[in-house]
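Colleague: I have a model open and want to learn how to read its features. Can we go through them one at a time?

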Amino acid sequence: MSIVQLFLRLFLTICAGFLFSASAPLLAQGNAEEGPKHYYVSKNTGRGRIASKAQPAKDLGNIIALLKAGDVVHLAEGTYLSRGERGADEIKVPISLIGGYDPTFSTRDPWGEHKTIFSGTNHIEGLTTPRLHLNFHLSHKAYQGEVLIDGLIIDNGNRNRYMNEEKLAILRTANMRKEENATPGMPGIKINAAKNTQVIVRNCVLLNVASSQGVISVQIGENAQASINNNLIVNNTGNGIQAMTSWHPRDGKGLPTFHIFDNTILFCWKHDPVATYGGNCLKVDTDIQLLAENNVFGFGDFGGIDNIKKCKSITLKDNLLTGHRKYDYREWNTKMNIEEIEDESDLLSFETIGNVGYKIDINIDPEWANIYANRPEISRAEVDAKAVAVNSDANALRGMLGISLRANAVQLDSDVWLHHIELDDVIKTGLVKYEGKFGCELPEKSR
């Protein structure tokens, strides 16, 4: 190598080092991960889509398209109907929603002075979605952050179709001539998360939700965690809380975990007057680990805790179960009352202790309670007895093949079914823990 080539190589090396050192801060800045963005929403003072604290947006539905994974939305007091008053919000990225703020976003009182209420109307087509759906299990299959829902009130009363103005019974069918949609049969809060995600649902109130699933329905994946605590769930169909998973390992590893504690769940109706499903305070999936403690599970049309899917890792500690029609706990088809579960369960852990069952005094509107107590009860057996087989060629063939005959439709509707309850009456039931130990309590005001 000549002396000229040597000096040329040295010169190029120095120049390259200078360029790299000069550009390194720019490269680092360009690759730095942005932190979560905070958005602000106020029904009463919001306008536009800037969604800052000084200039909040008017509704969550108006800014959903702006949201990225990890963002946080703060919602002030008011009643939110979503974009176009459609009464449903679906968010396909993992975010957090925090409600209960005053108009200046300086204080929170989610069950008191600054209620953030998610509702809707019955006159929008396509009411087949949950009121709030965080649906990101496909777009973020291994999100390792936290998803928090805190301080929201879901009242589906105005989304439901009722039989009459007295709102004594919901209708599951639509009347398009009157532009009335069927009562939506979906959850109030539904979360579909994948592996590793940490889901928290707390300090929420849900009422008048006519779900066929969970009123709060959480499905998580491998090694994910869900904490559901201090929620008040009153007067809904379906299951108060439904703990589910999309992960079914052969070796039992990576099971998602649920911690369900300090919730009050009352008056869980079955799906409709003749249904054989719904009507439980808690329903448990197969491949999960679950600890439920210090909850109140009361007045299920079927039961308190439904483990029909045979979850093998379930612990119940210090829960109060009362007023259920068929069982306090069901394991497959074995129905048990509270005094029997520690002795007769094959699947509950040995740490299942301290669960009690006795009558409680509920601070609820006497008129609503009187209607509930005197509602007519329709059994499946009664419906089957009134069904008459149709005389048809198809039934003749079914008879020859030994297949059950098809009967004509029998309409047996109850004139009381999920009669409407007012929000203030619901909140009265959850202000303090029962016996100072069981259920939810009024969230503390915060700044």
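Colleague: Which side chain does Asp150 meet in a salt bridge?

Modeller: First, a caution: this is a predicted model. Now the general idea. Side chains of opposite charge can pair when their charged atoms come close. Here, Asp150 meets Arg202, at 2.8 Å from N to O. Asp150 lies in strand E8 (residues 146–150) and Arg202 in strand E11 (residues 198–202), so the pair ties together parts that are 52 residues apart in sequence.

Colleague: Is Asp150 buried or exposed?

Modeller: Buried, because its relative accessibility is 3% and the cut-off for buried is under 20%. Arg202, at 29%, counts as partly exposed.

Colleague: How many residues are in the largest nonpolar core?

Modeller: General idea first. In soluble globular proteins, nonpolar side chains tend to be buried together. In this model the largest nonpolar core has 72 residues. Val73, Ile91, Leu97, Ile149, Ile191, Phe258 and Leu290 touch the most other members. A second, separate core has 31 residues, including Ile117, Ala210, Ile421 and Phe438.

Colleague: Where is Met186, and what does Met186 touch?

Modeller: Met186 sits in the loop between strand E9 (153–155) and strand E10 (189–192). Met186 is buried, with a relative accessible area of 18%. Beyond four places in sequence, its contacts include Thr128, Pro130 and Ala210. The C-alpha atoms of Met186 and Thr128 are separated by 6.7 Å, though the two residues are 58 apart along the chain.

Colleague: Which backbone oxygen does the side chain of Thr429 reach?

Modeller: That of Val426, at 2.6 Å. Thr429 is in the segment after H6. Thr429 is buried, with a relative accessible area of 3%. Among its contacts beyond four places in sequence are Leu232, Ile362 and Tyr434.

Colleague: Which residues make the nonpolar surface patch of about 250 Å²?

Modeller: Leu431, Val432 and Leu442. Leu442 is in the segment after helix H6 (423–428). Leu442 is partly exposed, with a relative accessible area of 38%.

Methods: Residues are numbered from 1 along each chain as its sequence is written. This is a predicted model: local features need pLDDT of at least 70, side-chain atom pairs count only at pLDDT 80 or more; totals for chains, interfaces and linings use all residues. Side-chain values use heavy atoms; hydrogens and water are left out. Patches are made of residues with over 30% relative accessible area and no salt bridge: like charges are joined within 9 Å, nonpolar side chains (Val, Leu, Ile, Met, Phe, Trp, Tyr) within 5 Å. Accessible areas come from the Shrake-Rupley method with a 1.4 Å probe; for residues, only the protein chains shown count as cover. A salt bridge is a side-chain nitrogen of Lys or Arg within 4 Å of a carboxyl oxygen of Asp or Glu. Helices (H or I, at least four residues) and strands (E, at least two) are DSSP runs, numbered from the N terminus. Buried means under 20% relative accessible area, exposed over 50%, partly exposed in between (1.4 Å probe, protein chains only). A nonpolar core is a set of buried Ala, Val, Leu, Ile, Met, Phe, Trp, Tyr and Cys residues joined through side-chain atoms within 4.5 Å. Contact means heavy atoms within 4.5 Å. A polar contact is a pair of N or O atoms within 3.5 Å; within protein, one must be able to donate a hydrogen and the other to accept it, and residues adjacent in sequence count only if both atoms are side-chain atoms.
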